[in-house]
Amino acid sequence: MKRFFSPCFLTVYLFLPFYMNAQKPVFNHLALYVTDLQKSTVFYRDVIGLDTIPEPFHDGKHTWFAVGPTGHLHVIAGAASPTPHAKDNHLCFSVPSVDAFVKRLNKANIPYEDWPGKPQSITTRVDGVKQIYFKDPDGYWIEINDAVQ
């Protein structure tokens, strides 16, 4: 009798999906190079609402923030000046209410816009998710939306 699959092939075939899932990369952090560490720290902590976490360097050039259950945002001092960034390259944070977040931006006098660029406007995507865009102190674009996690 001729075998179609060897026992080794069958074992690899059955367990390959489990092996591949165990080896997938997991998001760790995003680093932003900024001109004024204190200003950026206040922005991401007080405007965006991220919690700071201990950073290992203790050199006065870094602030680390928790982003979700396993991710981090590292803000690093040292940029000579802000550089222009395209809106297509942006950080995105989901919040329970875009309208409530807009009130926070208005209180801090931070302008925002919809995707096409209309000032003080909110985009509603075809799936019903609301979103706005604005810049951090170094010109990095940020999206805030109310997508369900």
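**Core, aromatic cluster and sheet of the predicted model**

The structure holds 6 aromatic pairs, and the model in which they are found is a predicted one. A pair of aromatic rings is described by the distance of the centres and the angle of the planes. Ring pairs join Phe-43, Tyr-44, Phe-65, Phe-101 and Phe-134 into a cluster. A further ring, that of Trp-141, has Lys-87 lying over its face, at 5.2 Å from the ring centre.

In soluble globular proteins, nonpolar side chains tend to be buried together. The largest nonpolar core of this model consists of 25 residues, of which Tyr-44, Ile-48, Ile-132, Phe-134 and Ile-142 touch the most other members. Two or more residues are given to this core by each of strand 1 (29–34), helix 2 (37–48), strand 4 (71–77), strand 5 (90–94), helix 3 (98–107), strand 7 (130–135) and strand 8 (141–145). Among the contributing elements, helix 2 gives the most, with 5 residues. Phe-134, which is among the core residues that touch the most other members, also belongs to the aromatic cluster. When its neighbours within four places in sequence are left aside, Phe-134 is in contact with Phe-43, Ile-48, Phe-101, Leu-105, Ile-110, Pro-111, Tyr-112, Tyr-140, Trp-141, Ile-142 and Ile-144.

The sheet may be considered next. Strands of a sheet pair through backbone hydrogen bonds, either parallel or antiparallel. In this model, 4 strands form an open sheet in the order 1-4-3-2, and the pairing is mixed. Strand 1 and strand 2 (52–53) are the edge strands, each of them pairing on one side only. Strand 2 pairs with strand 3 (residues 62–67) in the antiparallel sense over 2 bridges, and Thr-52 has as its bridge partner Phe-65 in strand 3. Phe-65 is also one of the residues whose rings are linked into the aromatic cluster.

At the other edge of the sheet, strand 1 contains Tyr-33. Tyr-33 has a relative accessible area of 46% and is therefore classed as partly exposed, since that class lies between the limits of 20% and 50%. Not counting residues up to four places away in sequence, Tyr-33 touches Ile-76, Ala-77, Gly-78, Ala-79, Asp-138 and Tyr-140. With one of these residues, Gly-78, the arrangement includes a backbone oxygen that lies 3.2 Å from a polar atom of the side chain of Tyr-33. The C-alpha atoms of Tyr-33 and Ala-80, which are 47 residues apart along the chain, are separated by 9.4 Å.

Methods. Residues numbered from 1 in each chain as written. Predicted model: local features only at pLDDT ≥ 70, side-chain atom pairs only at ≥ 80, totals over all residues. Heavy atoms only, no water. Core = buried A, V, L, I, M, F, W, Y, C linked by side-chain atoms within 4.5 Å. Buried < 20%, exposed > 50% of the residue type's maximum accessible area, 1.4 Å probe, protein only. Contact = heavy atoms within 4.5 Å. Phe/Tyr/Trp six-rings, centres within 6.5 Å; stacked < 30°, edge-to-face > 60°. Lys NZ or Arg CZ within 6 Å of the ring centre and 35° of its normal. Polar contact = N/O pair within 3.5 Å; in protein donor to acceptor, adjacent residues only side chain to side chain. Pairing = 2+ DSSP bridges.
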